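Dear colleague,

Here is the structure I said I would pass on. My notes on it follow below.

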Amino acid sequence: MLNVDSLLGQGHEEEPLAHYAQLMGTYLLLSGGAFALLERAGRPLPSRIPLRDAALVGLAINRLSRLITRDKVTRVVRAPFTDVEQDPSGATHEEPRGEGATRAIGELLTCPRCAAMWASLALTIGYFVSPRVTRGASFLLGAAAISDLINTCYARVMSAGGK
């Protein structure tokens with residue numbers, strides 16, 4: 001009989017690997033199911049996507065993933081899965097808490113790159129179903145992402161002694 005533990009490298013004992021697998025399975029089921037439903041409904045996927053739309057949706061995905069994982073206003077969504085900690089400088093950050101599914105979801109909700117995959121799925125499906133609406137939402141999120149970048153650059157200049 002195969003011992004599953006022997007397949008794992010060192011250091012994975014504390015990770016909720018089974019729950020990560022469930023999240024991955026859910027993602028694959030949702031994405032595959034959505035694309036199959038679109039095809040079945042006679043809405044085939046586009047053969048090409050204009051570069052401007054890909055760039056706009058990419059900016060929107062970046063901002064949406066940061067909104068989900070970092071903004072204070074969405075802390076209410078993360079709160080059941082995270083603990084807020086304060087470092088010596090006074091800055092706060094969230095850490096996944098608990099174990100099992102709670103920890104796995106906490107990891108997802110505190111990782112911008114992880115959440116970006118889910119945001120990408122939502123905006124991609126939205127784009128295939130209703131491109132105009134998704135472009136509008138992506139414009140809003142993309143403009144906020146550009147503003148965030150400008151504000152970050154401005155803050156760095158100011159902290160480096162700029163006026």
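The model is predicted. I start with T134, which is buried, with a relative accessible area of 6%. The cut-off for buried is under 20% relative accessible area, so T134 falls within that class. This residue lies in helix 6, which covers residues 131-159. Leaving aside neighbours within four places in sequence, T134 is in contact with L123, G126 and Y127. Its C-alpha atom is separated by 8.5 Å from that of T124, 10 residues apart along the chain.

Two of those contacts of T134, L123 and Y127, also belong to the largest nonpolar core. That core has 11 residues in all: L38, V57, A60, I61, L64, A116, A119, L123, Y127, F128 and L141. Helix 2 and helix 5 are the elements that give two or more residues to the core, and helix 5 provides the largest share, five residues. Helix 2 spans residues 51-69 and helix 5 spans residues 112-129.

Together with L59 and I146, I150 makes a nonpolar surface patch of about 260 Å².

Next, helix 4, residues 100-109. Its buried residues include G100, A104, G106, L108 and L109. What covers them includes helix 1 (17-40), helix 2, helix 3 (75-78) and helix 5, along with strand 1 and strand 2.

Those two strands form a hairpin with five residues between them. Strand 1 (residues 82-86) and strand 2 (residues 92-96) run antiparallel and are joined by five bridges. One of the pairs is D83 with E95, the latter in strand 2. In the hairpin, G90 takes a positive phi near 100°. As background, in a regular strand the side chains alternate between the two faces of the sheet.

If you want places to begin in the viewer, take T134 with its contacts L123, G126 and Y127, then the patch of L59, I146 and I150, and then G90 in the hairpin.

Regards

Conventions. Residues numbered from 1 in each chain as written. Predicted model: local features only at pLDDT ≥ 70, side-chain atom pairs only at ≥ 80, totals over all residues. Heavy atoms only, no water. Patch = residues over 30% accessible without salt bridge, like charges linked within 9 Å, V, L, I, M, F, W, Y side chains within 5 Å. Areas by Shrake-Rupley, 256 points an atom, 1.4 Å probe, with all protein chains shown as cover. Salt bridge = Lys/Arg side-chain N within 4 Å of Asp/Glu carboxyl O. Helix = DSSP H or I, 4+ residues; strand = E, 2+ residues; numbered from the N terminus. Pairing = 2+ DSSP bridges. Buried < 20%, exposed > 50% of the residue type's maximum accessible area, 1.4 Å probe, protein only. Contact = heavy atoms within 4.5 Å. Core = buried A, V, L, I, M, F, W, Y, C linked by side-chain atoms within 4.5 Å.
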